[in-house]
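Here are my notes on this one, point by point. Have the model open while you read.

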Amino acid sequence: MNERLVVNPLGPYIGAQIENIDISRPLGDSQFEQLYHALLKHQVLFLRNQPITPLQQRDLAGRFGDLHIHPVYPHVKECEEIIVLDTHDDNPPDNDNWHTDVTFIANPPLGAILAAKHLPATGGDTLWTSGIAAYEALSAPFKQLLAGLQAEHDFTKSFPEHKHRATLEDHQRWLLAKEKNPPLLHPVVRTHPVSGRQALFVNEGFTTKINELSAKESEALLGFLFAHATKPEFQVRWRWQQDDVAIWDNRVTQHYANADYLPERRIMHRATILGDKPFYRP
C-alpha cells in the first residue's frame, strides 16, 4: 500500500489539501510523520471525505499530544475531549471573529482537529490566517518595537457573562471557568517551538492590552496588529463539505468562522490539543 500523502498547497503562505489518507483508521508512523511535517509547513490542512467518529477523532488528536477539556462548550456523550459547536438561531455562533483558540490559558493549544458533521446548504466557510506571514511582512524597525512585548489574554473577552446566564447551571459553569482562568500574559511575538519561526501572537478574540504600553498606545498598536494579521494576503478560506476535516497549528494561526448561514444549522466537532508555554527567542 502506498503510504505517501499527496499534499496540494492552497496558497503561498498557508493551507494545503491532503489526499491518500484515511483517518478513520490508526495512521502508521510514516503517514503520521508526513502529516505532522505538512502541518508545520502549511499551518492548516484540509481532508475531504473523512466520516470519523468522535472516538476516532480523539485518538488521532491524541497522537499530537494531550487534549484540552473546554470549560464552557458542551461535549459529545462518548468523550469529553470532543466539543460540539452546534450553532443555529437559538444558539448563535460566538466564533465569528478572528481568534486563536484558548489563548487564555498558560499553555495554549498546539493545534486542533475540526470535523464537519452537519452543514447549511450554503455559507459557513472558515478562514485561517498565518501569523508567520503577517510577522514576516512587517518592517525591521516595527519588528524591533514588538520584540519582547507582552500582551494580556482574557477569557471573558470572548465569553462575557451576559451570554452565559441561560440557566443556573450554565452561569455556574461560567463563574467557575472565570475563577480558574484569570487574565494572563503571552509574548506579542511568539517563537514556534519546533520550526523556530516567529509569528504574531495577539488575537481579537482574547487579547485585551499590551502590558508595557499606555492604554492609548496599546489600543492603537493592537488595532493595527489585528487588522494587519488578517489581511487577505495571509489567508486561506475553506468551503466545507460533509465529513471534511481541518487540522491546524494553533500556535501560529488565527481563524474566523463565517456566520452567514442563519437560520440554518451548523454542527462541528472539535478536538483541541494542548501545547506549551509561548516564548519569544530573537
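1. Which backbone nitrogen does the side chain of Ser-130 reach? That of Ile-132, at 3.3 Å. A polar contact of 2.7 Å also joins the side chains of Ser-130 and Gln-43. (A polar contact is a pair of N or O atoms within 3.5 Å; within protein, one must be able to donate a hydrogen and the other to accept it, and residues adjacent in sequence count only if both atoms are side-chain atoms.)

2. Before going on, some housekeeping. This is a predicted model, where local features need pLDDT of at least 70 and side-chain atom pairs count only at pLDDT 80 or more, while totals for chains, interfaces and linings use all residues. Residues are numbered from 1 along each chain as its sequence is written, and side-chain values use heavy atoms, with hydrogens and water left out.

3. Back to Ser-130, which sits in strand E6 (residues 126–130); strands (E, at least two residues) and helices (H or I, at least four) are DSSP runs numbered from the N terminus. Ser-130 counts as buried because its relative accessibility is 1%, buried being under 20% relative accessible area, exposed over 50% and partly exposed in between (1.4 Å probe, protein chains only). Leaving aside neighbours within four places in sequence, Ser-130 is in contact (heavy atoms within 4.5 Å) with Ile-14, Gln-43, Phe-234 and Val-252.

4. Val-252 turns up again around His-192, whose contacts, not counting residues up to four places away in sequence, are Leu-40, Arg-197, Asp-249, Arg-251 and Val-252. His-192 lies in the loop between strands E9 (189–191) and E10 (198–200). With 3% relative accessibility, His-192 counts as buried. The His-192 side chain makes a polar contact of 3.2 Å with the side chain of Arg-251.

5. E1 (residues 6–9) and E2 pair antiparallel over four bridges, pairing being at least two DSSP bridges between two strands. Val-7 has Ile-18 in E2 as its bridge partner. Six residues separate the strands in this hairpin, and Gly-15 takes a positive phi near 100° there.

6. E2 (residues 16–19) also pairs with E3, this time in the parallel sense over three bridges. The chain gets from E2 to E3 through helix H1 (residues 29–42), in a right-handed β-α-β crossover; that is, with the strands pointing away from the viewer, the path from the first strand over the helix to the second runs clockwise. Gln-17 has Phe-46 in E3 as its bridge partner, and Ile-18 stands opposite Leu-47.

7. On its other pairing, E3 runs antiparallel to E13 (residues 245–249), with four bridges joining them. Here Leu-47 stands opposite Val-245.

8. Take a look at the side chains of E3 (residues 44–47) too. Val-44 and Phe-46 point one way, Leu-45 and Leu-47 the other, and all are buried. In a regular strand, side chains alternate between the two faces of the sheet.
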